[in-house]
Amino acid sequence: MGTVDNEEKKKFLRGYRDSVRRIKRIGAEIDELRTMRMGTSAGNGGGRCKGRKCDLSGYAASLDRLERDLEEERKGRVRVYERITEAINGLEDTKEQDVLFYRYIKGMTWWEIAEKMLYSERWVYMAHGRALTHLELPKECIELQS
């Protein structure tokens, strides 16, 4: 089993924010679909219509698929969050834990982290580097790289 470089560790840590971004995108897709449906309700009801009867099966199927995708992504986000926070909490230095949590879970900028922790940005960069060096990825992540 070889060593894991910092880029692989960052990729692992970014998993949570990636999931949050995907959830927002799916939510936006659902909103857009619903908006389109409401926008066409004055016309043909957003489906295939004959007289007063409209077939909304395409709309319903699309909405159902997106809602299932959203639920799966939410479940995945919880799993990713648990794995990442477990790895972060495995660090001995609580300041290193804080830097990684604020950066990769909360999505804060370097400046925001420095302000929150009452340190300089330079100190935050250095603490981040130390934290990455000390961070141990879950065994299954290391096995996937082999």
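Residues are numbered from 1 along each chain as its sequence is written, and side-chain values use heavy atoms, with hydrogens and water left out. As the model is predicted, local features need pLDDT of at least 70 and side-chain atom pairs count only at pLDDT 80 or more, whereas totals for chains, interfaces and linings use all residues.

The protein contains seven helices and two strands, taken as DSSP runs numbered from the N terminus (helices: H or I, at least four residues; strands: E, at least two). Along the sequence, these elements follow the order α-α-β-β-α-α-α-α-α. Of the contacts in the protein with a separation of 6 or more, 64% are between residues 24 or more positions apart, a contact being heavy atoms within 4.5 Å. The accessible surface amounts to about 9,800 Å², and carbon and sulfur atoms contribute 50% of that area; accessible areas come from the Shrake-Rupley method with a 1.4 Å probe, and for residues only the protein chains shown count as cover.

Of the 146 residues in the protein, 32% are buried (buried, under 20% relative accessible area; exposed, over 50%; partly exposed, in between; 1.4 Å probe, protein chains only). In helix α1, which spans residues 6–13, the buried residues are K9, F12 and L13. Viewed down the axis of α1, the buried residues fall within an arc of 95 degrees and therefore line one face of the helix; the arc is that of the directions from the helix axis to the C-beta atoms. An α-helix has 3.6 residues a turn, so residues three or four places apart point the same way.

Rings of Phe, Tyr and Trp (its six-membered ring) were paired if their centres lie within 6.5 Å, with planes under 30 degrees apart classed as stacked, over 60 as edge-to-face and the rest as tilted. F101 is partly exposed at 27% relative accessibility, while Y102 is buried at 17%. W110 and Y125 also form an edge-to-face pair, with 5.3 Å centre to centre and 65 degrees between the planes. Because W110 belongs to helix α5 (residues 110–117) and Y125 to helix α6 (residues 121–134), the pair ties together parts 15 residues apart in sequence. W110 is buried at 19% relative accessibility, and Y125 is partly exposed at 41%.

The ring of W110 also has the charged end of R103 over it, 3.9 Å from the ring centre. A charge sits over a ring if NZ of Lys or CZ of Arg is within 6 Å of the ring centre and within 35 degrees of the ring normal.
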